[in-house]
Amino acid sequence: MVGSCCQGAPADAAVRLALASSPGAHGAVFIPYLDGERTPNRPHETGRLVGLTRKVGREDIARACVEGLLCSLADAVSFLEEVSGSRAERLLFIGGGAKSLAVRTLAPSVLGSDIEVPEPGEYVALGAARQAAWALSGGADLPQWEKRPTTCYSGEHHPQVLEAYREARG
């Protein structure tokens, strides 16, 4: 994601660019709905970059891309909290996005919560296997699986980033 916003810059350079900017990317906001969006349900929505001024540089565009992705995740977390009626107690990042230093570093500032990133593993496959085992057991309680070591990322919360995103996305 970040690499595509900084054409010609390798992914590691784009990460450095994103981390060099300040929260809110000098007003640049990226809406990452490149193929519609599922949460919130906006299947025909398109992506866009707004808030561009002469103050906005490459660093800000890279950061806006990462912050936009994280704001989209914040919307999904808010939706799940609303549906469940409870607050998320733990945010666990797995998958490709969790490999990005920029995503891991900036997530707490956008989400307003620490995030945990477990050591790499096949978590989707493990989850599917666990769900299948539960279904085949007739819904019996399954023993707890081992917890894998995680790295915790924390940072200062910057709620204005999510506010600007929500205003821009409409």
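Predicted model: local features only at pLDDT ≥ 70, side-chain atom pairs only at ≥ 80, totals over all residues.

Colleague: Which pattern does the protein chain follow along the sequence?

Modeller: Helices (H or I, at least four residues) and strands (E, at least two) are DSSP runs, numbered from the N terminus. The protein chain has 6 helices and 4 strands, and its C-alpha trace spans about 60 × 30 × 30 Å along the principal axes. Read along the sequence, the pattern is α-α-β-β-α-α-β-α-β-α.

Colleague: How far apart are the end C-alpha atoms of helix α3?

Modeller: The expected span of a helix is 1.5 Å times one less than its number of residues. Helix α3 covers residues 58–84, and for its 27 residues that rule gives 39 Å. The model agrees, because the end C-alpha atoms are 39 Å apart.

Colleague: Which peptide bond is cis, with omega near 5°?

Modeller: Most residues other than glycine have a negative phi, and most peptide bonds are trans. Ala25, in the loop between α2 and β1, has a positive phi near 50°. Pro40 lies in the loop between β1 (29–31) and β2 (48–50), and the cis bond is the one from Thr39 to Pro40.

Colleague: At roughly what angle do the axes of helix α2 and α3 cross?

Modeller: Axes are lines fitted to C-alpha atoms, for helices over the stretch in contact, and angles run from 0 to 180 degrees between N-to-C directions. The axes of helix α2 (residues 11–20) and α3 come within 7 Å, crossing at roughly 95°. Since 65 to 115 degrees counts as roughly perpendicular, α2 is therefore roughly perpendicular to α3. Contact (heavy atoms within 4.5 Å) involves Ala14, Leu17, Ala18, Leu19 and Ala20 of α2 with Arg58, Glu59, Ala62, Arg63 and Val66 of α3, and the angle asked for is roughly 95°.

Colleague: Which residues of α6 make the contact with α3?

Modeller: Helix α6 (residues 159–169) packs against α3 at about 85°, with the axes 10 Å apart, so α3 is roughly perpendicular to α6. The α3 side brings Glu67, Gly68, Cys71, Ser72, Ala74, Asp75 and Ser78. On the α6 side are Val161, Leu162, Tyr165, Arg166 and Arg169.

Colleague: What volume does the largest cavity have?

Modeller: On a 1 Å grid over the protein atoms alone, a cavity is a set of points where a 1.4 Å probe fits but cannot get out, a pocket is an open set with protein on both sides within 12 Å along at least five of seven lines, and lining residues have an atom within 4 Å of a point. Grid points are joined across faces, edges and corners, and a volume is the space filled by probe spheres set on the points. The count is 1 cavity of 30 Å³ or more; α3 gives the most to the lining of the largest cavity, with 4 residues, and its volume is about 70 Å³.

Colleague: Which helix gives the most to the lining of the largest pocket?

Modeller: The largest pocket has a volume of about 450 Å³. Of its 13 lining residues, Leu92, Tyr123, Glu146, Lys147 and Arg148 are closest to the centre. The helix that gives the most, with 4 residues, is α5 (residues 123–136).

Colleague: From which element comes the largest share of the lining of the second largest pocket?

Modeller: The second largest pocket has a volume of about 380 Å³. Its lining has 16 residues, and Leu73, Val77, Leu91, Leu92 and Phe93 lie nearest the centre. The largest share, 6 residues, comes from α3.

Note on methods
Residues numbered from 1 in each chain as written. Heavy atoms only, no water. Parallel < 35°, antiparallel > 145°, perpendicular 65-115°, else oblique.
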